[in-house]
Each structure stands twice: as C-alpha cells, then as structure tokens.
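Subject: Handover of a protein structure

Dear colleague,

Please find below the structure that I am handing over to you. I would be grateful if you kept it open while reading the notes after it.

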Amino acid sequence: MENHLQTKDWGLGLNNEHLIIAGPCSAETPEQIEKVCADMITANVVPDVFRAGIWKPRTRPGSFEGIGEEGLGWLEIVREKLNIPITIEVGNASHVESALKHGVDILWIGARTTVNPFAVQEIADALKGVDIPVMVKNPMNPDLELWRGALERLQVVGVNKLAAIHRGFSDAYDTKFRNKPNWSMPIHLKRLWKGMQVINDPSHIVGNRKGIYETAQRAINFGLDGLMIETHHDPDNAWSDAKQQVTPQQLREILDKIDFKHPVQNENPSEKLQDLRNAVDHLDDQLMDLLAERFSIIDQIGEHKRDNNLIVFQADRWKQVMESRTAKGMDKNLSEKFMKELLYCIHEESVKRQEKKLRGDVSAKKSV
Ligand code: PEP
Ligand code: MN
C-alpha cells in the first residue's frame, strides 16, 4: 500500500512530517506582525509556515474585512525576522495577482470560496502556469465532492503542489464546535487522493482557545498531516476571531502537549487481528444479505401500496418502528443516537424505493 507521506507529489513540497502553520487570523498593523514574530522567537515556537489573513471573508458586513493589499508589504517583517514561507487567503483573481506581486509563498482558498465553483475556477485560471503551492479548505457544508472538485480545478491548470485543510463544517445547531469536525471526510479524501496532505485547523473548528489542544490531538491521531493554529500576541484584542487565537507561548504549550506519533500503518496484521477482521467480514456479509432481503420486502409493500392507492409514508407505523427498534438496540448496548441515525437512513431508502415503484409505473406507461 502506498504511504501518503512518501508521496510528496501532491503535498506542499516542504519536508516536515507534520506541518505547523501559525500566525494571526488577520494582519492588522506592522507593529502587530512584528510583535507576533518576536513572541514566537521568545517562546521558541517558530512555525514551518506563517499565516495571516489580508482580505477577510466576514459573515456580515461591518466587522473588520481585512487590511487589504497594504498588509502584504508588512509580510517582509516576517521574512526578515523568521525567514519562513508565508501563506495568505485568496478569494478571487485580483487577490492572486496582488499575492504573486508581493512574492507570497503559499496561497490558501477559504471555506466560503471553496463552496463556489465560479470563484475557484477564477482563482485557478489566474494561477495557470504559476508554480505556487495552494491549500484548499473544506467548503462550509460537508460535501466531499465539492472539496475534491476545487482541488481538481487547480490540478487541471497545472498547480501540482496541493494540500487540503479540514476546518470543520458550519452547523447552526451544534453547541460544542464553531464548525463541527467530520473526521471521516478528510480521511476519505486522503484515501481517494493518494499523497494528499490534509492539515487540520482546530482554531476554526473549536472557535475558542480552550478546546484547541484536544481537537489538534484528535487530528494527529486520525493521521492528518499538520496543524494551522491562529496565533496572536494579544488575542483578546485581535481584530478578528479574538476568542480562538492563542499566544505564541500558548501555542508552544499546545504543541509540547501533543503526541505527534503517526498511527502505525498496519501492513502486516497479526493473526489475531486477521481473525477478528474475518469475523467482521462475515458479519458484514450477513448484514448485506439481511438488508437486501428487507428491501425486497419493502418493494413488495411498495407495490401493494401502489395497487391499493395507499400513501407511502405512514406516520404511525414509522413512529412505532423507530421506538421499538431504538429500544431494542439500546437493550443490546447500541447508543440511542446510533440507532436513530441508522433507522432514519434505512427508512429514507425504503421511502425512496416505494416512491420509485409509483413513479416506475408512471414512466413505464409513458414509454409504452
Ligand atoms: C481564516 O483562516 O481566517 C478563515 C477565514 O478561515 P475559514 O475560511 O476556514 O473560515
Ligand atoms: Mn480566522
């Protein structure tokens, strides 16, 4: 099996096993940039890459929307003090043009831009023939294809140093996270695109400084390739994202606490693990057979409802199925949340299949 860490073709071209990107949410003043750099040196936490937002995509107008092109000039301070690559966010072709003019080393596309294929294409077109690494944050909504599509748009124009950033997904009802993480998605992206480096942005996932360590550690445990952590010399007075930024000293403490061991890729499983996997394979086979059987009965119910002019969705029956199965599952030590999600999923497929029976009839008549 290919090991993504050895396949640097799609990575950022830097050789660190875990890439650490840090810097303020926004560039605010030259003094701020200078102070962040100085405090990074003092805290002995010079990152691999320095980040700073120059144009800020804000949800509502009226808050600080970024300092604009002027701020690109201040990045010279970072070069002088830290001598590390600099990354900024771009949201359109004119941002790209300014960034290239000022010799920015790495670009990133923000979550609000990744959702919009027009904007991503505009950026990709502006990058035709330019050799610069680009990182693509996940879109606001958990849509892997959209994320992958943005990376592909860049690949098509010849950008061959690509990385992805998992920054969580907007969920108005979640109380724990500012942007809820979905760990299966970055892991899936890494499987689909061998060698793709996926960096985690715990700052925008958590939305407050307290939870950053825990989320960052989880990302590393899941095998992600680096961290982007918003860092400011005076977080409480930051002009954007004040609650989630950490000081360089706090960044040092977070990084010291994280166990950076990459999970072992188990190429040669032991006999015991192999036996257990065989048992799971066997049970999965049975599960598929049972599901197939269940849906074939659902199809018969669909035909019966169609022939007797009954509506597909029967609320009382659904309620009874949900309650009885959830209780049964919980008796067997399965969680209520898991049971409900599983039953919703099965039910949705059942309704779709029954509706198809109805529609199938209509289209069969039409095609006669
Ligand atoms: C940022 O990194 O400051 C930012 C605006 O991020 P996102 O696109 O993830 O919201
Ligand atoms: Mn931010």
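Predicted model: local features only at pLDDT ≥ 70, side-chain atom pairs only at ≥ 80, totals over all residues.

Residues are numbered from 1 along each chain as its sequence is written, chains are lettered from A and ligands numbered from 1 in the order in which they are written, and side-chain values use heavy atoms, with hydrogens and water left out.

Overall picture

The protein has 13 helices and ten strands; these are DSSP runs numbered from the N terminus, with helices being H or I of at least four residues and strands E of at least two. Its C-alpha trace spans about 75 × 55 × 40 Å along the principal axes. Of the 368 residues, 43% are buried (buried means under 20% relative accessible area, exposed over 50%, and partly exposed in between, with a 1.4 Å probe and protein chains only).

The metal site

Which residues coordinate the manganese ion (ligand 2)? They are Cys 25 (SG), His 204 (NE2), Glu 230 (OE) and Asp 241 (OD), at 2.1 to 2.4 Å. Donors are N, O and S atoms within 2.8 Å of the metal (3.2 Å for Na, K and Ca), and sites may look incomplete because water is not among the atoms. Along the chain, the donors follow the spacing C-x178-H-x25-E-x10-D. Glu 230 lies in strand β10 (residues 226-230), and Asp 241 lies eleven residues apart from it, in the loop between β10 and α10 (248-257). Glu 230 is buried, at 0% relative accessible area, and Asp 241 is also buried, at 15%.

The surface

Patches consist of residues with over 30% relative accessible area and no salt bridge, where like charges are joined within 9 Å and nonpolar side chains (Val, Leu, Ile, Met, Phe, Trp, Tyr) within 5 Å. A salt bridge is a side-chain nitrogen of Lys or Arg within 4 Å of a carboxyl oxygen of Asp or Glu.

- Positive: Arg 294, Arg 317, Arg 325, Lys 328 and Lys 332 form this patch. Helix α12 (residues 315-331) gives the largest share, three residues.
- Negative: this patch gathers Asp 281, Asp 284, Asp 285, Asp 289 and Glu 293. Asp 289, in helix α11 (residues 271-307), is exposed at 54%.

Yours sincerely

Notes. Areas by Shrake-Rupley, 256 points an atom, 1.4 Å probe, with all protein chains shown as cover. Lys, Arg positive; Asp, Glu negative; His and termini not counted. Charge placed at Lys NZ, Arg CZ, Asp CG, Glu CD.
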